[in-house]
Amino acid sequence: MLPQDDSNVSARIGEVEQRQTVILYGPSLIGNTSFFPTGTLGSQLSLRDQQQWANDSAFVQQAAAQEAAVVLQAIQEHGGLNTLEDFAVLYDGHWSGSVPLGISQGQLGNLTSDLLFSMERLSVNPYVVQRLHPTNDELPFDVDPEVIQELTASTLASLHREGRLFVADHSYQSEYVAQDGRYSAACTALFYLDSRSNQFLPIAIKTNVGADLIYTPLDDANDWLLAKIMFNVNDLFHGQIYHLANSHAVAEIVYLAALRTLSTRHPVLVLMDRLMFQAYAIRPIGERILFNQGGLFDQNFAFSSEYARVFAQDFYPTVAGPFQRNYFESNLRMRGIIDADYGPELPHIPFYEDGAKIIGVIRDFVTAFVDATYEADDSLLTDWELQAWVAEANGPAEAIDFPETISTKQDLVGILSHLAWLSGVSHHVLNQGDPVATSGVLPLHPASLYSPVPTEKGAIDSVMPWLPDAEKSIEQISLLARFNRPQVVETKQTTEYMFSYPPLLAGTNPAVSAANDAYREGMHLISQGINTRTFDENGLSQGMPFIWRGMDPGVIPFFLSV
C-alpha cells in the first residue's frame, strides 16, 4: 500500500522513524566502498542473512571439499601435472556434486586459440574492454609495424582511425606487490576487429612490469601462450573484485537507504526485499573467510586481499559504483561496445546478445509492477516515502550517480530493473558458477603465476613452470566451485523465479501475477535457447570456440549468492 492511500498514516510514519533508529550506516567492508548496515535491527538483518547463506552453501562447501580429495588422488595416480594436456584430468569425471554442469565445452580443447582468448573479453569478463575512439583516445602502446602489417594487413594508425582497435587495460596492477612465491604482470592487451574475417582478435599484450615486454601472436607459441596466461591472471583478479564493487556494494547501499525510508507495507520495498535476499551476508562472511589475512583469497591469488581492498576503493567511486552510468546498455555504449558511430559493429557480443534478452524480460515485469502500483506519474511525486528514499540515497547513503528525482514511472522502472540486473544476472557473469566453468578454468586462467615474469622473449620451451602444481590447481578449482549454487534449480531460486514471491504477488492486482507468468515463460525460453547451444559448422558458438552458458536464467540464482 502506498503511503498516500494508507488510512493509518501516523502509524506508518512512526514505523519508518523507528526503523531509522535501529538500522544505521556502518563502516564499509572489503575496501572503502558503500556503507554496511549496523544498529540493532541492521545487525540482526545481516546475521539472519549470514545464517541463510550458511545453510544454502553447506552442501556445495562439503561437496567441493570431498571432490578435491578425490581429484588429488586421480592426479597422483596419473603421475602429476607434467603437460598442458594433463590439466584435463583435473576436470574429467570430477566435481559432479559442486559443478554438475561441468566446464564450458571447448575450453580445454581450444586453450591455445586466439579467438577463445579474445572473445572471453566479450563474454566472461565484459567489463574491461573498450573501443579506442579515433580522436579522443590515444594508442596505449606501439607495436612493430611489420608485425601489425603481417597480422592485420593494415597499420595501427589505420585501425585506430577506423575505430577497429580495442583495449583491455590492467596496468594499474603494476602498483600491487605479489605475495612470496607468487608472481604477476599487469597486462594491457590490444585487440582489433579484422576486416577480412570480421573476427575480434588479439594484436599484442604488454606486461607493464620488469622488462615491459610486448608479445604478439607472431612470437614463439610458448611465449604467446604465456602472455595470454599472464593477462588472464590479471583479468581473474579484476573480475572477482570488480563484482564486489559493482554489484554488492551498489545494490546493498540502495537497499539500505530503502530500509530506512520505506514502510514494510510499501510495495517497492517488498519487491526489493525479494531481490536482496541474503544480500547482507556476503561482505561480513567474506571478511572472515575469504579476504582475511591468510584466508582463501591469499591462498590462491598472486596479490593478497590487501590489494582486493585497494582495487575496490579505487574502482568504486568512478568505474564500478556509479548507478545510472552502469545501466546495461549505458555501460556498453560508454565503452563503444555497442552503438559506436566511430567504428564498425562487432559481429558477436555474447554478453550483450544474452543480456539484452534477459534485461528486456526483466523490464517488462517491472513495468507491469510499476503500472499496477502507480496510476500515473503524478502519484510518484505524492509518494513521500519514495521521495524520501531518493533523498536518502543521494544524501546520507552516499550512493553514486543515483537518480536525483523519481518523477516518472519510467524512472522507477529503470532503478528497479537495474537492481534486478545486478543481483540476478550481472553478478553471476563474473562470480557464482561462471569462474569454475569458464573464466577460471585451468591451465589458461590461473589465479597466480608461480615463476617470475620473463625478462626476454624466446627463452622458454614450456609454460608449465608458471602454472600451479597439482595441489594449488585443486585449491583454485575447489575455491571457485564453492561459489557455485547448483541446488537453486531444484529449490526454484533461479533467475527464472526471481519474482515468484508470494508476499509480492499477493499484495498486487492480477496484472502483476500475469506479468510474472509472462516473465517466467520468457526466461524459460531464453534458458532453453542457451541450453541447446551447439557448435556450428565452423566449430563456433556465438562466434566463440567454446559454448558459454554463464547467463542461463534457468540455472543462475536470482540473488547475490556469493
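Tutor: Helices here are DSSP runs of H or I, at least four residues long, numbered from the N terminus. The model is predicted.

Student: Which helix holds both Lys472 and Glu475?

Tutor: Their side chains meet in a salt bridge, 2.8 Å from N to O. The two residues are three apart, about one turn of the helix. That helix spans residues 470-481 and is H17.

Student: Is Lys472 buried or exposed?

Tutor: Buried means under 20% relative accessible area. Lys472 has 18% relative accessibility, so Lys472 counts as buried.

Student: How many residues apart in sequence are the parts that Asp401 and Arg325 tie together?

Tutor: The side chains of Asp401 and Arg325 form a salt bridge at 3.5 Å, N to O. Asp401 lies in the loop between helix H14 (384-394) and helix H15 (409-430). Arg325 sits in the loop between helix H10 (305-320) and helix H11 (328-334). The pair therefore ties together parts whose separation in sequence is 76 residues.

Student: How far apart in space are Phe535 and Val370?

Tutor: Phe535 is found in the segment after helix H19 (510-531). Phe535 and Val370 are 165 residues apart in sequence. C-alpha to C-alpha, their distance in space is 41 Å.

Methods:
Residues numbered from 1 in each chain as written. Predicted model: local features only at pLDDT ≥ 70, side-chain atom pairs only at ≥ 80, totals over all residues. Heavy atoms only, no water. Salt bridge = Lys/Arg side-chain N within 4 Å of Asp/Glu carboxyl O. Buried < 20%, exposed > 50% of the residue type's maximum accessible area, 1.4 Å probe, protein only.
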